[in-house]
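I set aside some time to go through this model and write down what I looked up. The entries follow in the order I made them.

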Amino acid sequence: MGRRFKGLDQPRDSYDAIVIGAGIGGLICANLLARDGLRVLLIEQHYMVGGYCSTFRRKGFTFDAATHFYPLLGNPATITGGLLRELGVETDWVKMDPVDHFHFPDRSSFRVPADFESYLAKLKTDFPSEANNLDRFFALARQLYLLGLLFYFREQDTDRLDPYRRLTVRQVLDDYFQNEKLKLLLVGDCGHWGAPPSRTSFVFDSMLRLSYFVGNYYPRGGSQAFTDELARRFEQSGGHILMRTLARRIIVNDGKVRGVEIEFGKPDARRLAQVRAEVVVSNGDLLFTLEQLIGPKHIPSDQLAAMRKLRLTAPCFLTYLGLRDVSTEALREIEGYHWDSWDSENVATNAFKIFVPTLFDCSIAPPDGHIIIVQKLTDVDYDSVSDWRAHKTLVENYIMTKLAQVLPGIAEKIVFKASASALTSHRYTLNHHGAMLGWEMSPDQLGALRPDIAGDVKNLYFVGLWTQPGGGVTPVIVSAMRAARLITQSGVCRESDESAAVFRQQSPDSAGLKTAI
């Protein structure tokens, strides 16, 4: 599968900005900085861009590695969809309708249409005794959707949000509804938050819940088509991309970043180099960035201790199946969230999701093929797992047993099968413990209680799911927009002579800048 951008073999000695990590946050931020005239180097440790928004190809099937739906991005009237149009991104977006499908323990199911009024009418038909409560609930959700967008995405705070900041999804559902099935239906997709509803902000959830009806999309060609397009646009704006490159150290002097020490090159000829920069943006794991790349001596100890106490989202276990000779209608019937329990707090034990991307783009599989990707949160103590192979086998067997129940005979239709655990997610993204969305989006971990985009070290910035406003494709893009704006407003356009001099003092000789490993 050929990529749409060139990439570098050798970086320059200096740039205005270096972006570490080519996930969505890094790609968007790099694009914005390059568009504003900065010389930008984007480095990525993997051989593909995208992070969780990437793909891999096996036996003619193209699998989304993790992320599989993209709210708002295909709608140019939205903040993020409008940004992509400004950047000239030419991804072809397929609108998803229905936007969700829930399967309940009593074997009933509910499809969520893409039109909100149709969705609400359908809810009232199925739950007539809760009709008034549904009106009240969605009136509140709509109000908080707008207030949340202003606060989290546009940085416009209001005291009208104060009564709701601490509310969780669980609290609001229990306050508004009596019917347990309706409560599960309204929170049946809580798996996408990587946490149970008792630890998920109702304001943040309302923003995503209603964004589905503004447009939920799948990128034609798979996630890689989108992220490769972002990389292509970045290069067209003059940016440089260096793949298979590890950040080894962010160089700090006098409380200010001065550049990045990188390890790059072919597998049999790895080299070290120090590249100067006035600004460094990390789209990587925040703990790794601060503890390993910056170093504890540059970070207040109480800040690191507080960050260590933040709760992680659960890792997402994925099983990828390439199928042949399976009915499209049969797959349409089983796709969506499947629940074995009426208690949504059991999202990491009694629920899984079947996603069938070939229902939206048949070109990513052979002519007679289909793709199933099963996603399941895992309540796993990462540090205590001693046998990851056994863990993977256990969860995969659970998934295959469940699939055989909803689609009998599926085992005979499998052309390709693979699975990814928390360890796999960490290996390819370096995200701490393979966390799905960084820290939980709980009320006590959002807003000012979540790590800021601007670091304590001058000209160090963070983008992605570990920082404000939070996890998810849209919040990550917003973090990149905010970081780029802070950088351009700071007046950093070209490296200063002082920075170059400090850099040379830290480099013993030119030979030391590029050292064979």
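**Entry 1: histidine 68**

I started with histidine 68, which I found in the loop between strand E4 (61–64) and strand E5 (70–71). I note here that the model is predicted. Is histidine 68 buried or exposed? Its relative accessibility is 6%, so I put it down as buried, the cut-off being under 20%.

Next I listed its contacts. Leaving out residues up to four places away in sequence, histidine 68 touches Tyr218, Lys353, Phe355 and Gln375. One of these I looked at again: the side chains of histidine 68 and lysine 353 make a polar contact at 2.9 Å.

**Entry 2: strand E17**

Gln375 from that contact list took me to strand E17, residues 369–377. How many of the residues of E17 are buried? I counted nine of the nine, so the strand is largely enclosed by the rest of the structure.

I then went through the strand face by face. In a regular strand the side chains alternate between the two faces of the sheet. On one side of E17 I have Gly369, Ile371, Ile373, Gln375 and Leu377, and on the other His370, Ile372, Val374 and Lys376. Both faces are covered, and all of these residues are buried.

Which strands pair with E17? Strand E14 (residues 316–324) pairs with E17 over nine bridges, in the antiparallel sense. In that pairing I found tyrosine 320 opposite isoleucine 373. Strand E16 (residues 351–355) also runs antiparallel to E17 and is joined to it by three bridges. Here lysine 353 stands opposite glutamine 375. Both of these residues are among those that histidine 68 touches.

**Entry 3: the sheet with E5**

E5 belongs to an open sheet of three strands, in the order E5-E9-E6, and the pairing is antiparallel. The edge strands are E5 and E6 (93–95), each of which pairs on one side only. Between E5 and strand E9 (residues 216–219) I noted two bridges, again antiparallel. Tyrosine 70 is the residue opposite tyrosine 217 in E9.

Past E6 I checked a proline. Proline 98 sits in the loop between E6 and strand E7 (100–103). The peptide bond joining aspartate 97 to proline 98 is cis, with omega about 5°.

**Entry 4: helices H4 and H7**

How do H4 and H7 cross, and at what angle? The axes of helix H4 (residues 131–153) and helix H7 (residues 202–211) come within 8 Å and cross at roughly 100°. That makes H4 roughly perpendicular to H7. I sorted the residues of this contact into 14 nonpolar, three polar and two charged. From H4 they include Phe137, Phe138, Leu144, Tyr152 and Phe153, and from H7 they include Phe202, Val203, Met207 and Leu210.

**Entry 5: arginine 482**

Tyr152 and Phe153 turned up again when I looked at arginine 482. Arginine 482 is in helix H14 (residues 473–489). Its relative accessible area is 8%, so it is buried.

What does arginine 482 touch? Not counting residues up to four places away in sequence, I have Tyr152, Phe153, Glu155, Ile453, Gln468 and Pro469. A polar atom of its side chain lies 2.6 Å from the backbone oxygen of tyrosine 152.

Proline 469 is in the loop between strand E19 (460–462) and H14.

Another, glutamate 155, lies in the loop between H4 and helix H5 (169–176). Its phi is near 60°, a positive value in a residue other than glycine. I put glutamate 155 down as partly exposed, because its relative accessible area is 43%.

**Entry 6: asparagine 459**

I checked one more residue with positive phi. For asparagine 459 phi is near 70°, and this residue too is not a glycine. Asparagine 459 is in the loop between helix H13 (422–429) and E19. Is asparagine 459 buried or exposed? At 8% relative accessibility I count it as buried.

Note on methods:
Residues are numbered from 1 along each chain as its sequence is written. This is a predicted model: local features need pLDDT of at least 70, side-chain atom pairs count only at pLDDT 80 or more; totals for chains, interfaces and linings use all residues. Side-chain values use heavy atoms; hydrogens and water are left out. Buried means under 20% relative accessible area, exposed over 50%, partly exposed in between (1.4 Å probe, protein chains only). Helices (H or I, at least four residues) and strands (E, at least two) are DSSP runs, numbered from the N terminus. Two strands pair if DSSP finds at least two bridges between them. A polar contact is a pair of N or O atoms within 3.5 Å; within protein, one must be able to donate a hydrogen and the other to accept it, and residues adjacent in sequence count only if both atoms are side-chain atoms. Contact means heavy atoms within 4.5 Å. Axes are lines fitted to C-alpha atoms, for helices over the stretch in contact, and angles run from 0 to 180 degrees between N-to-C directions. Angles under 35 degrees count as roughly parallel, over 145 as roughly antiparallel, 65 to 115 as roughly perpendicular and the rest as oblique. Ala, Val, Leu, Ile, Met, Phe, Trp, Tyr, Cys and Pro count as nonpolar, Asp, Glu, Lys and Arg as charged, and the others, Gly among them, as polar.
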